[in-house]
Amino acid sequence: MTSTAPLSLPASVYAERRDRVARAIGTRGIAIIPTAPERQRNRDSDFLYRHDSYFYYLTGFTEPNAWLVITGDGHSTLWCQPKDLEREIWDGYRLGPDAAPEALGVDAAWSVAELDTRLPRLLENRDVVHYPFATHKGLETRVDGWLSQVRARVRFGALCPAVQRDLCDVLDEMRLVKDVHEQDTMRRAARISARAHVRAMQLSARKLRAGEDVREYHLDAELLHEFRLGGSQYPAYSSIVAAGANACVLHYRADAAPVRDGELVLIDAGCELDGYASDITRTFPANGRFSGPQRALYELVLASQDASVAATRAGARFNDPHEATVAVLSQGLLDLGLLDRNTVGTVEDVIANRSYFPFYMHRTSHWLGMDVHDCGSYVEPTEVGQTSLRLDPLSGETITNRPSRILRPGMVLTLEPGLYVRPAPGVPEAFHHIGIRIEDDAIVTEQGCELITRDVPVHPDELEALMR
């Protein structure tokens, strides 16, 4: 009896990815990719296991204590836990090396207990060894140990790899553009997450109308319930459920504060499905009705997101959505009186001097994929050598500018503008303690972008109707 669930994608997809790695490292190269270790939570309890994203991308295999080796001739070898009936009683069934080649499509598989004896032989007579740099603590030391064994055999004619290279350079570029299978998985994850947000919104309004106590953890419970009900394995990250002034804390962690009638609630939450993350933020009135100042600020953030959506398309730059967002927010902050024209000047001055920063201090986008902040360079690789220097007006630090990434179809990024208003001199009191963020997941297309998270509405009228 075997252990692992069926592959989430066809085995041919993982095989093609391994072939691409083999071509990238060259015929004399070898690549070593470990999965993530199990981690102890406390005493006899472990954290829920989650595989390494690079390893899973190339295998679809979710068991711990496994390694993948790809050689430049296209041969792939897996090391995994051996069958052990006693341990399987306690920890669950294992696939085992005998079943792995047929189940996973690798060329060979061995017990992980044989890794230190077999891997040095695969390293012999290779020119370059590739592995992910700075991702697995102690991996460099393991590689050094294996290379030491190869050097011990030079008297028998063995050649030792003289070069080590970062495999992330290859894998990050591969993972940056999502294929049709990945996009489909991400759409399904987004639908589950959207249902969870809707569920939390409706619970908030329903309980407040009934005069019941509502806490942030009540809404968090709705998220978790819907994630699992939809088949998600776990949240993609620690959910943020921030009521009232807590929404002004970007990475808010507490969860027991009361949800009060008349305040806004910011929820930043998304599930992970079959190794792929979703990432949605919605801000809504706890009782289902926006106040005047809340709606004014909300509509400004939504207008800035609309501008970021319009700027997201193949051929545009990664920074374009952020710049479009900042332009709208800066004008709106002047119009609403949160910034004083007599002090900060024109909208162009606000942008140049980053006067908006006390209210909007994060970027508009990040890559999304197997990791919620997914891998991939934000600099265009063909233009990395084109640099210019600028002086940051806030910190005084000299910053090196490089051309931002050119967007291509299949790239996936978030669009998440926000405004966070803390009490400060000159800031109208009506806006104090209001934090708003609106975040959607966008797949870049030739014509623009596909927002895959709009099963949960964003327009204030639609939010109010939903919560009624």
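Analyst: This is a predicted model, in which local features need pLDDT of at least 70, side-chain atom pairs count only at pLDDT 80 or more, and totals for chains, interfaces and linings use all residues. Residues are numbered from 1 along each chain as its sequence is written, and side-chain values use heavy atoms, with hydrogens and water left out.

User: Is C271 buried or exposed?
Analyst: The cut-offs come first: buried is under 20% relative accessible area, exposed is over 50%, and partly exposed is in between (1.4 Å probe, protein chains only). C271 has 0% relative accessibility. C271 therefore counts as buried.

User: How many disulfides does a search of the whole structure find?
Analyst: A disulfide here is a pair of cysteine sulfur atoms within 2.5 Å. The search of the whole structure covers every such pair, and its count is zero.

User: Which cysteine sulfur is nearest to that of C271?
Analyst: C271 is in no disulfide. The nearest cysteine sulfur is 19 Å away and belongs to C375.

User: What is the strand order of the open sheet of six strands?
Analyst: Strands are DSSP runs of E, at least two residues long; helices are runs of H or I, at least four; both are numbered from the N terminus. Two strands pair if DSSP finds at least two bridges between them. The pairing in this sheet is mixed, and the order is β6-β5-β4-β1-β7-β8.

User: Why is one side of β6 and of β8 left without a neighbour in the sheet?
Analyst: β6 (108–111) and β8 (163–166) stand at the edges.

User: Which residue in β5 stands opposite L68?
Analyst: β4 (residues 67–71) and β5 (residues 76–80) pair in the antiparallel sense over four bridges. Opposite L68 stands L78.

User: How far apart are the closest N and O atoms of R405 and E173?
Analyst: R405 is buried at 3% relative accessible area, whereas E173 is partly exposed at 33%. The two form a salt bridge, and their closest N and O atoms are 2.7 Å apart.

Notes. Salt bridge = Lys/Arg side-chain N within 4 Å of Asp/Glu carboxyl O.
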